[in-house]
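Hi,

Here is the structure I said I would pass on.

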Amino acid sequence: MNKANVELIVPTIQEKYEVFIPINKRIKEIIILVNKVINEITDGQYPVMNNLSLINGETGKAFDYNKTAKEEGIINGIKIILM
């Protein structure tokens, strides 16, 4: 499977979403994708931003922008935070 089902936590709007993340894309591409989706879901209340990070919800460590989700160990069920 080329996607991981993850729990995406968005603290700025106090929401959680269950989303599929493409594991073969780089983290920086995933951030852009997820940011656009959250913007659409919230009817623009969550703005599209340039300086976001994805954080491992269990370790608190930021994922490397240049690595793929697979290289960063993103698997089904993991909690990630968009900040």
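**Charges, fold and core**

Let me start with the charges: the protein chain carries 10 positive and 10 negative side chains, and the centres of those two sets are 7 Å apart. Keep in mind that this is a predicted model.

On the fold, the protein chain has 1 helix and 4 strands, and along the sequence they come in the order β-β-α-β-β. With a radius of gyration of 12 Å, close to the 12 Å that the globule rule gives for 83 residues, the protein chain is as compact as a globular protein of that length. Along the principal axes, its C-alpha atoms fill a box of roughly 30 × 25 × 20 Å. Of the contacts between residues at least 6 apart in sequence, 55% join residues at least 24 apart.

As for the surface, the accessible area of the protein chain is about 5300 Å², and carbon and sulfur atoms account for 50% of it. Of the 83 residues, 40% count as buried.

That brings me to the inside. In soluble globular proteins, nonpolar side chains tend to be buried together. Here the largest nonpolar core has 22 residues, and Leu8 and Leu54 touch the most other members. At least two residues of this core come from each of β1 (3-10), β2 (15-22), α1 (27-41) and β4 (79-82), with α1 giving the most, 5 residues. If you click on Leu8 and skip residues up to four places away in sequence, you will find it touching Glu15, Lys16, Tyr17, Val19, Val34, Ile38, Leu54, Ile80 and Leu82.

- Asn35 sits in helix α1. Its relative accessibility is 2%, and since buried means under 20%, Asn35 counts as buried. Beyond its neighbours within four places in sequence, Asn35 is in contact with Tyr46, Pro47, Val48, Met49 and Leu52.
- Pro22 belongs to strand β2 and is buried too, at a relative accessible area of 14%. Not counting residues up to four places away in sequence, Pro22 touches Asn2, Lys3, Ile30, Leu33 and Ala69.
- Thr68 is in the loop between β3 (54-56) and β4, yet Thr68 is buried, with a relative accessible area of 15%. Setting aside its neighbours within four places in sequence, Thr68 is in contact with Ile23, Asn24, Lys25, Arg26 and Ile27.

**Two backbone angles**

Most residues other than glycine have a negative phi. Which way does phi go at Gln14? Gln14 has a positive phi of about 50°, and it is not a glycine. You will find Gln14 in the loop between β1 and β2, where Gln14 counts as exposed at 72% relative accessibility.

Asp43 is another one to check: its phi is near 55°, again a positive value in a residue other than glycine. Asp43 is in the loop between α1 and β3, and it is exposed, with a relative accessible area of 73%.

Cheers

Technical notes
Residues are numbered from 1 along each chain as its sequence is written. This is a predicted model: local features need pLDDT of at least 70, side-chain atom pairs count only at pLDDT 80 or more; totals for chains, interfaces and linings use all residues. Side-chain values use heavy atoms; hydrogens and water are left out. The radius of gyration is taken over C-alpha atoms; the globule rule is 2.2 Å times the number of residues to the power 0.38. Buried means under 20% relative accessible area, exposed over 50%, partly exposed in between (1.4 Å probe, protein chains only). Contact means heavy atoms within 4.5 Å. Accessible areas come from the Shrake-Rupley method with a 1.4 Å probe; for residues, only the protein chains shown count as cover. Lys and Arg count as positive and Asp and Glu as negative; His and the chain ends are not counted. The place of a charge is taken as NZ of Lys, CZ of Arg, CG of Asp or CD of Glu. A nonpolar core is a set of buried Ala, Val, Leu, Ile, Met, Phe, Trp, Tyr and Cys residues joined through side-chain atoms within 4.5 Å.
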